[in-house]
Amino acid sequence: MALDPLKALSDYSEADCTVQFWIAGAPAVEFKSLQAAVSYARNNGGRWQEIEITVHLPREDIVYATDKVHQLIDALPRGQ
C-alpha cells in the first residue's frame, strides 16, 4: 500500500508514537503525535540512518520503517 505522508501526519496527529534509531544502545523515544516523532527524527539525523517510527493505536500498531520515515521527513513542513 502506498504511503500518503500528508494524510498520515494528519490522521495520527494525536497518536502516541515512538522513534527507534537502529543504533546499538539507542533507546526508543516517545511522542504524542506522528508529526512530533517525525520532527525529532529529522532533527536527529533520521534522514540518513536506519530508523523506525511506531504509531500506537488501540487495536494495532503501525510501523513505518526507514524508507517510509524518509518520505514522512520529506513531507514535513520546514520549521516544524
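Colleague: What percentage of the 80 residues in the protein chain do buried residues make up?

Modeller: This is a predicted model, where local features need pLDDT of at least 70, side-chain atom pairs count only at pLDDT 80 or more, and totals for chains, interfaces and linings use all residues. Residues are numbered from 1 along each chain as its sequence is written, and side-chain values use heavy atoms, leaving out hydrogens and water. Buried means under 20% relative accessible area, with a 1.4 Å probe and protein chains only. For the 80 residues here, the buried share comes to 41%.

Colleague: In what order do the elements run from the N terminus on?

Modeller: Helices are DSSP runs of H or I with at least four residues, and strands are runs of E with at least two. The chain has 3 helices and 4 strands. From the N terminus on, they go α-β-β-α-β-β-α.

Colleague: How are α2 and α3 arranged relative to each other?

Modeller: Helix α2 spans residues 34-43 and helix α3 residues 66-75, and they pack at about 95° with axes 9 Å apart. Axes are lines fitted to C-alpha atoms over the stretch in contact, and angles run from 0 to 180 degrees between N-to-C directions. Angles of 65 to 115 degrees count as roughly perpendicular. So α2 and α3 are roughly perpendicular.

Colleague: Which residues of α2 and α3 make the contact?

Modeller: Contact means heavy atoms within 4.5 Å. On the α2 side, Leu 34, Val 38, Ala 41 and Arg 42 take part. From α3 come Val 69, Leu 72 and Ile 73.

How values were computed
Angles under 35 degrees count as roughly parallel, over 145 as roughly antiparallel, 65 to 115 as roughly perpendicular and the rest as oblique. Buried means under 20% relative accessible area, exposed over 50%, partly exposed in between (1.4 Å probe, protein chains only).
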